[in-house]
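Dear colleague,

Please find below the structure that I am handing over to you. My notes on what was found in it follow directly after.

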Amino acid sequence: MKKSNVYVRSYYGTNFDVNSLSQVLIEYKSGYLCRSAKQVNRFIFTLLFSLGSSLQVAAQSLVDSDLNNQSLYASGYITAGARTTVGGNVQSATAVTLAANAIVAGTVEAGAATTLGADAGVVGYIEAGSTVTLGVAAIVNGFIQAGTTATIGASAVIDGSVVTGTTATFDALVEVSGDVLAGTTVTVGAGSIFHGNVDAGTTTTIGAGVQIDGILTANSSLVPPPPLLVTNQEVLITSMQIALKDLGTGTELVSTTFGVNNETLEAGIYSTIDYLTITGGKTLTLDGKGVDGTWIFNIANYLSFAIDAKVILLNVTDNSTIIWNVMGDKAGSAGYTQLGAGAETTGFILAKGFVQTGANTVIEGIANDCGGAYSATNFIEFGADSVVGQTGCTNGMAASISQTLADAPVAATLDFGDAPASYASLVDDDGARHSTENNTIFMGSGVDAEFDSYQFPLSDDVTDGNDDEDGVAFVTGLEVNNAAVLELIASTSAFVDAWIDFDGNGVFGSDEKIADAQAVIQGNNTLFYAVPEWAEVGSTWARFRVSSIGGLEPTGSFSDGEVEDHQVDITELNVSIQYYPSASEWATIAFEDNWPSIGDYDFNDLVINYRISEYTLNGEVIRVKLEGQIAAVGALHHNGFAFHLPGILRSTIDENAIRYTINDLPQNISPLEAGRNQAIFIITNDVWDWVSPGENCNYYRTEAGCGSDIQMVFSMTLPMANAIPSAQMPEFPYDPFLFATEGYDHSLAFGLPPGRAYEIHLPDKAPTEAFRTDFFGRRDDRSEPQNGRYFVSTNGMPWAINVGVEMQYSLEYMDVIYAYPLFSSFIANQGLVDADWYILENANTNNIFSN
Amino acid sequence: MNKLYIFVCLSMLITACGGGGSQSITAVPLPPAGEPLPVPIESQPAVTEFSLEESNPKEAGDMIGSSAKTSHEIVVPNGFALSSERSFDLRITRAQDDNEAAYLSLCSDYKQYNDGSYSINYDSCLLRTSLSDINYEAVIIVTNDTPGLVAALWFMDESKKPLITDWRF
């Protein structure tokens, strides 16, 4: 086992120089105080620290301290379970114990004892204030220095030297590459090999068959150096924890609700006034959006990842940082961190109390960084088969934390609404705003701060990735001349003022105030209100302000509380609304535009996100709303995009009442395609009219490094001139389709540019009347119109796929099967297996486009 | 409207019999001889009932492994159109106690806590509708990624708590 453990050795680029150790030892004996530059630094630090710790706390940064390059530090002991691997260095103010087959790829420094189980390994050196004990066949690539004794198990291998304050005892068949120096006694078991000198202060006992290449000396004049001093770092770690907390509250996460389900957070500062727990089997996705970001979690009580809870990184760059700052400053809190068996997290843990994990846990660093954990006051225990930092990782905990503190911007301290300009949201407009400093009054799970309003269509929830507009739920619809109900979650007892712009004139009038200094209690509050008969049907805005006194106006600042602006939809009385896929989420249709030839199946030649809202009154559809955005264009072809309502005549639509906006600007051209009998709505005749590729990019949002914001968003309200009985309405998602732009070549299969006569629909969706049916059957197309079979290849593969989420589509030229490996199983089993093959959790994230 | 009318009559019958409350009534007067039988009257349940059933559930067979390494190698079973949604029939039959103006939301994003209470994201709804009749039926298109749905029935009466039920798929 020992001999095959090349794994350990491979980490260690430069074995300790035996000769240099000898030289150091000689110099020490000659009166040098210190053995190395590292220890000079440590000595100076210790001296300064003893002069005035409070001064040092302010001046000392982690990188200047002995914590630099430490992947794990504990003021108490550190233990690693069997087969656990630690990528970086390990330091304990007391003892370090590695169970059998555990491996530390860096160094081990212990204030007291260090113990390695059988077949355990340390790639760097071991320095221990008292004893060093190696189990059978353990391996140490560096040197060993023990303050008192070293006891080396049989068949152990030490590539460096061994220096002990008192005794050095080697069992049989041990191999040591460097010198051995023991203050008193050296005892060597049979068959051991020593490639250097062996010096004992008093006695040597050498077993049979021992090979010593150097000189064996009893009563040696060499004097071992004094035991290692590992400084207790509690004060320094605590100061760093306070500095991180002082970066600001950021977004407050509510302990009781956060982590219960899968969560996603973009970079930012997050805090809890109590614990932070991720429920067993749930995930916390940290979405980096492809830019450098820092996540700081300031946790007042404890941090807990339950069994199999996992932190997932999405589009997080190598220069990003994740810090779990477990303050333990809540009254009575131990400030501990626990990972249940199988739990996985990423980043650095700064804990006041202990850090303890079950088996098979992972704490990884980002990219090549080692993950890490510092316990200011207590122990660190890893269960068996755990991983701390990837193999070959480089330490970065202290440097990353120090850099994060140095780079931290001034924190914003005001919460704003984000309703459009007419409602007054900006500072310059005396917009509604609330101080977040020492504020405990908010709605929902938290409140965040901005420097100014992100007015609609912007949103601070999008900008910082944290949705703090989460305290109000419109549990009933808003129908003209009807009662309505909403729920408001308050963090504490407070007062609410609220308005709804019923008449849609862009301001909150005094007669539109639905709550006036309404008292609310901590938790859920149900508020009843009435929608007046003069309310206008359509989209409008509501504003909610919670504060300690109430009676606020819809504008102006206040010293506590929160403002939330919500876009709401007012409908006619008794209207039903059905949504696809839901009222706020996107579905996605993705095309291969090489029809009738098979393409590369990356399904990103045109990607549209969309949703449908269908309004029904008395069993008849009176209105349809289509909303969407162009998510990607991964083709040079010029394509248009449209929706078709199968079975519905053009004349059914009230064309003059259509409202169509692109990027929130009203469009003067009717989207209802002229000259047709069918109801066809042209979103655009050419998607390239609205989007452009990034610099040095060929396409729009399909190539690595070619991210951009969404450039085209549409919304179309389609009232019916004649209401359509529900039974006659086509099923969701209707019939979205791609067509060729007039005047542009599309495929050699057609000769001349096919223009509007070219369409690609979802499989088995019939084309519109504009389509030329003699196109069927060309090249790879195997449509059978007579059998209701459309737009499929010989293998039955389509040229368009439709899924119920905002799909993270394939990178350019990447077959969808590589992005979503369950795609083929879904098809083979006709959707009965892996029906949700397209969700992000099932993606190979290396092969999907990230913005 | 026929159903509404029938239940108004039923309600009068209950009152006339001195019954009511949450009792189910199934007996109806026999029609005069020679007249066609009336449409059977459904009983009004003691507790408001929510039902959500897949419209045309497929029978799961043995799982078929796919050896396709690329999409070019995939062979789509005949008749399978790669649909990513399923159709469900939603039925609500309201108890007499709940037979008043109400509003129904059917949503996909929700949490249920240990005490049985719910937290619902009303921005995730697939259906939002006023309810005035005793019976409500709708066909709901649900995308395959939806792990479950929750129905919340809120009453305009301030004294009445909402009725909430959910289905996990």
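This is a predicted model: local features need pLDDT of at least 70, side-chain atom pairs count only at pLDDT 80 or more; totals for chains, interfaces and linings use all residues.

How much area is buried between chain A and chain B? About 4800 Å² is buried between chain A and chain B, and carbon and sulfur atoms give 57% of that area. Buried area here is the accessible area (1.4 Å probe) that two parts lose on being put together, summed over both. On the side of chain A, the residues that lose the most area to chain B are Phe528(A), Asn795(A) and Gln830(A), together 12% of what that side buries.

Residues are numbered from 1 along each chain as its sequence is written, chains are lettered from A and ligands numbered from 1 in the order in which they are written, and side-chain values use heavy atoms, with hydrogens and water left out.

The interface

The contact (heavy atoms within 4.5 Å) takes 66 residues from chain A and 55 residues from chain B. Across this interface the rule finds one salt bridge, that is, a side-chain nitrogen of Lys or Arg within 4 Å of a carboxyl oxygen of Asp or Glu. The side chains that meet in it are those of Lys111(B) and Glu263(A), at 4.0 Å from N to O. Between chain A and chain B, 26 residue pairs are in polar contact, both residues being at pLDDT 80 or more. A polar contact is a pair of N or O atoms within 3.5 Å; within protein, one must be able to donate a hydrogen and the other to accept it, and residues adjacent in sequence count only if both atoms are side-chain atoms.

Chain B

Chain B has one helix and nine strands; helices (H or I, at least four residues) and strands (E, at least two) are DSSP runs, numbered from the N terminus. Of the 169 residues in chain B, 40% are buried, where buried means under 20% relative accessible area, exposed over 50% and partly exposed in between (1.4 Å probe, protein chains only). Among contacts in chain B with a separation of 6 or more, 67% join residues 24 or more positions apart.

Places to look at in chain A

Asn298(A) lies in strand β31 of chain A and is buried, with a relative accessible area of 4%. The side chain of Asn298(A) reaches the backbone oxygen of Leu244(A) at 3.4 Å. Beyond four places in sequence, the residues in contact with Asn298(A) include Leu244(A), Tyr270(A) and Asn325(A).

Strand β31 (294-299) is also among the elements that cover the buried residues of helix α6 of chain A, as is α5 (234-245). Those buried residues of α6 (397-407) include Met397(A), Ile401(A) and Thr404(A).

Phe771(A) is found in the loop between β64 (759-761) and β65 (800-803) of chain A, and is buried, with a relative accessible area of 7%. Beyond four places in sequence, Phe771(A) is in contact with residues including Trp595(A), Phe776(A) and Phe791(A).

Finally, an open sheet of three strands in chain A has the order β43-β44-β52, with mixed pairing; two strands pair if DSSP finds at least two bridges between them. Strands β44 (433-435) and β52 of chain A run parallel and are joined by two bridges, and Arg433(A) stands opposite Ser557(A) in β52(A).

With kind regards
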